[in-house]
Amino acid sequence: MSSISDATRRLAEALNGSVIWQLVDIMSALFIVGIGCLVASLAVIYVIDVTQTKHAVRRNYPVIGRFRYLFETLGEYFRQYFFAMDREELPFNRAQRAWVYRAAKGVDTTVAFGSTRDLRPAGTVSFANCPFPMLDANATDTAIVEIGPYARTPYRTASIYNISGMSYGAISKPAVLALSKGARMAGIWLNTGEGGLSPFHLEGGADIVFQIGTAKYGCRKEDGTLCDDRLKALAAIEQIRMFEIKMSQGAKPGKGGILPGAKVTSEIARIRGIAEGTDSISPNRHPEIESVGDLLDMVAHVREVTGKPVGFKLVLGSYDFLDDLCDEINARGLQHAPDFITLDSADGGTGAAPMPLIDYVGLPIWESLPMLCDALERHKLKSRIRVNASGKLITPAEVAWALCVGADFVSSARGYMFSLGCIQALQCNKNTCPTGITTHDKRLQRGLDVTDKAERVRRYAERVTEEVCVIAHSCGVTEPRRLTRRHARIMGSDGVSMSLADYYGRWTAPAALPSHQGLGRPRFGADAA
């Protein structure tokens, strides 16, 4: 013991006055000061909490009550990673996100042991495989479809799964660049969203659909009305293939676009033609469109000025006007018809929307898509007007269902956001997106590598198309656009399924409401294949 004591004493004498010993003294002092500051801070917070009158929890449980805000924030992340089951989250569950992530990364998307999808609930959709499926050797490439036969420059494409409207401003520069480059590589189109055309949309080289929102961003005069000279300049850009007049959006029908002022940079303000740093809120509709006739007049005007195909986007709510629209088209002649209709779903997404609209207004795509397609069929306009379905269709099964019902194309925004790396952090409207997709914070944008993410966009688009083709071949058709309602079935409440042709066929009579038939809404439950 004596030798140990002597050694310890010699070590202390050697360290005494050394740099190491001085550092230890400084760190000890800082630790004590830090503890003192923490205690003082807690005392101040305690006094503030017990004397304030706005928050009952903090007044009754000072200091500790503040942790509830931290837990609320962290709860969004913990639920999706630790507590929620694979198929129970909204708006997108883990099974859906995981499939998109794997497809975008180019890794194996097969699963083992059996499906976790419950096939028993009413509304569950499945596909009717053929006893003699199409051999790969006999399969064909997806057919080329022409849009705008009466336009001076029609658009022809074989794409099935395209990128829906996401404005520059709502999403970041690197996100737009990655989407544009990925779209070019995959041979699909990219919709600008209502925020106008940015240089980054063009830089990637993709085919562009220019969206004309209610505020006419990118093609407006100072008073907010449509500028024909600007439209002509846009139409002269070869990459811009079509124009889409936005009537309404699934997440906020009856409400214009919302971009918080914190995200309106000088560049975005210049592109949109608005003031920097102020909230960018579009009118809730086009002031010059008050009727079916006005809508067709606007379509015809934009098509005449640009020479390119023109359609419109909407979410259905009151759907009686569809027959009025078709009657007016037939009265005027096929050349006056819109070249396409983009149909959004009530459960569509957005960066910012009032909760009453996002939760309660509009029809979901499973109900509105057959209504639209049936109306066009009744009036013999289905081959003239192309239908583009949008709204939570992010996996091959959902895309195949839309094609069965009658869509010519499917578009997605959030599916492609997942391919960019979106983790569903629900920060789109706060400029704090942790993946750099919906923020203009340069530090956060740095995490989004354009070259890597463009490849992910390409792989995701190609994998969706490939696996939709797998479903089509299983059903015995050569390519996806040959799918019909006879190729899919929907489960009834009695445990017996029926074809989509019979299911939606009952809706032709006004009194034949789905709720009277014992069948629920189509369910995919994040079916990943």
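This is a predicted model: local features need pLDDT of at least 70, side-chain atom pairs count only at pLDDT 80 or more; totals for chains, interfaces and linings use all residues.
**Helix packing and nonpolar cores**

Colleague: How many charged residues does the contact of helix 10 with helix 11 have?

Modeller: Helix 10 contributes Val 292, Gly 293, Leu 295, Leu 296 and Asp 297, while helix 11 contributes Phe 321, Asp 324, Leu 325, Glu 328, Ile 329 and Arg 332. Six of these residues are nonpolar and one is polar. The number of charged residues is four.

Colleague: How are helix 10 and helix 11 oriented to each other?

Modeller: Angles under 35 degrees count as roughly parallel, and those from 65 to 115 as roughly perpendicular. Helix 10 (residues 292–306) packs against helix 11 (residues 321–332) at about 55 degrees, their axes lying 10 Å apart. Helix 10 and helix 11 are therefore oblique.

Colleague: Which residues of helix 10 meet helix 8?

Modeller: The axes of helix 8 (residues 228–235) and helix 10 come within 8 Å and cross at roughly 55 degrees. From helix 8, the residues involved are Asp 228, Leu 231, Lys 232 and Ala 235. Their partners in helix 10 are His 301, Val 302, Val 305 and Thr 306.

Colleague: How many residues does the largest nonpolar core have?

Modeller: Those with the most contacts inside this core are Phe 243, Leu 369, Trp 401 and Tyr 460. The largest nonpolar core itself has 107 residues.

How values were computed:
Residues are numbered from 1 along each chain as its sequence is written. Side-chain values use heavy atoms; hydrogens and water are left out. A nonpolar core is a set of buried Ala, Val, Leu, Ile, Met, Phe, Trp, Tyr and Cys residues joined through side-chain atoms within 4.5 Å. Buried means under 20% relative accessible area, exposed over 50%, partly exposed in between (1.4 Å probe, protein chains only). Axes are lines fitted to C-alpha atoms, for helices over the stretch in contact, and angles run from 0 to 180 degrees between N-to-C directions. Helices (H or I, at least four residues) and strands (E, at least two) are DSSP runs, numbered from the N terminus. Contact means heavy atoms within 4.5 Å. Angles under 35 degrees count as roughly parallel, over 145 as roughly antiparallel, 65 to 115 as roughly perpendicular and the rest as oblique. Ala, Val, Leu, Ile, Met, Phe, Trp, Tyr, Cys and Pro count as nonpolar, Asp, Glu, Lys and Arg as charged, and the others, Gly among them, as polar.
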